[in-house]
Amino acid sequence: MKIKVSRKEHFNAAHRLYNPAWSDEENARIFGKCSNPNYHGHNYELVVSVTGTPDPQTGYVFDMKVLSDLVRDYVTKKFDHKNLNLDTKYFKTLNPTAENIAVVIWKILREKIDSSLDLKITLYETERNYVEYPAP
Ligand code: NI
């Protein structure tokens, strides 16, 4: 019997979507407002889900206090109130789209969570736009 447990967190961050191989005009055409040269912010909602079999001793799939500490220490502390392009090491050459942010978060947390458990990241960039990694 597998169960999915999830922790929801929030962070605010600025970004700029930009492909250096393209002109400013092309970037503006492809990325629209998200390519504003002076950056702009989003209120990101992050859901980290862990799927596995509950431990017979505890009844837990994963200790939610531990999950909340992992997300805070390794993700939201690094990203909250930061400029993702300039203030983090992850997006120096990687475009900080919601897709790429979700993959980065997955890679960070995957190392911290036992490989017997499945890990999934759901990231809302706006109330209406969200990505899931890995895809269902
Ligand atoms: Ni944006």
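Lysine 77 and aspartate 73 sit four residues apart in helix 2, about one turn of the helix, and their side chains meet in a salt bridge, N to O, at 3.5 Å. A salt bridge here is a side-chain nitrogen of Lys or Arg within 4 Å of a carboxyl oxygen of Asp or Glu. Helices (H or I, at least four residues) and strands (E, at least two) are DSSP runs, numbered from the N terminus. This is a predicted model, in which local features need pLDDT of at least 70 and side-chain atom pairs count only at pLDDT 80 or more, while totals for chains, interfaces and linings use all residues. Residues are numbered from 1 along each chain as its sequence is written, and side-chain values use heavy atoms, with hydrogens and water left out.

- Side chains of opposite charge can pair when their charged atoms come close.
- The structure holds six salt bridges, and a network of them links Lys65, Asp69, Arg72, Asp73 and Lys77.
- One of these pairs is aspartate 69 with lysine 65, whose closest N and O atoms are 2.8 Å apart.
- Aspartate 69 and lysine 65 are four residues apart in helix 2 (residues 64–79), so about one helical turn separates them.
- Arginine 72 also pairs with aspartate 73, with the closest N and O atoms 3.4 Å apart.
- For accessibility, buried means under 20% relative accessible area, exposed over 50%, and partly exposed in between (1.4 Å probe, protein chains only).
- By relative accessibility, lysine 65 is exposed at 53%, and lysine 77 is exposed at 54%.
- Arginine 72 is partly exposed, at 37%, and aspartate 73 is partly exposed, at 31%.

- Five strands form an open sheet with mixed pairing, in the order 3-1-2-4-5.
- Strand 3 (82–83) and strand 5 (130–133) each have a single partner strand and stand at the edges, so one side of each has no neighbour in the sheet.
- Two strands are said to pair if DSSP finds at least two bridges between them.
- Strand 1 and strand 2 run antiparallel and are joined by 13 bridges; valine 5 has valine 50 in strand 2 as its bridge partner.
- Strand 2 and strand 4 also run antiparallel, with seven bridges between them; here serine 49 has lysine 120 in strand 4 as its bridge partner.
- Strand 4 (residues 118–124) pairs with strand 5 in the antiparallel sense over four bridges, and threonine 122 stands opposite glutamate 132 in strand 5.
- Strand 2 is mostly covered, with ten of its 13 residues buried.

**Helices against the sheet**

- For the angles below, axes are lines fitted to C-alpha atoms, for helices over the stretch in contact, and angles run from 0 to 180 degrees between N-to-C directions.
- Contact means heavy atoms within 4.5 Å.
- Helix 2 lies across strand 1, strand 2 (40–52) and strand 3, and runs at about 15° to strand 1.
- Helix 4 (residues 98–110) packs on the sheet too, touching strand 1, strand 2, strand 4 and strand 5, and its direction makes about 145° with that of strand 4.
- Isoleucine 105 belongs to helix 4 and is buried, with a relative accessible area of 0%.
- Not counting residues up to four places away in sequence, isoleucine 105 touches Phe11, Leu46, Val75, Phe79 and Ile121.

- Arginine 16 is found in the loop between strand 1 (3–15) and helix 1.
- Arginine 16 is buried yet has no salt bridge, and the nearest side chain of opposite charge, aspartate 24, is 4.1 Å away. (For charge, Lys and Arg count as positive and Asp and Glu as negative; His and the chain ends are not counted.)
- The side chain of arginine 16 does reach the backbone oxygen of serine 35, at 2.9 Å. That is a polar contact: a pair of N or O atoms within 3.5 Å, where within protein one must be able to donate a hydrogen and the other to accept it, and residues adjacent in sequence count only if both atoms are side-chain atoms.
- Leaving aside neighbours within four places in sequence, the contacts of arginine 16 include Asp24, Ser35, Tyr39 and Asn95.
- Asparagine 27 is found in helix 1 (residues 24–31) and is buried, with a relative accessible area of 0%.
- Among the residues that asparagine 27 touches, not counting those up to four places away in sequence, are Leu17, Tyr18, Trp22 and Ser35.
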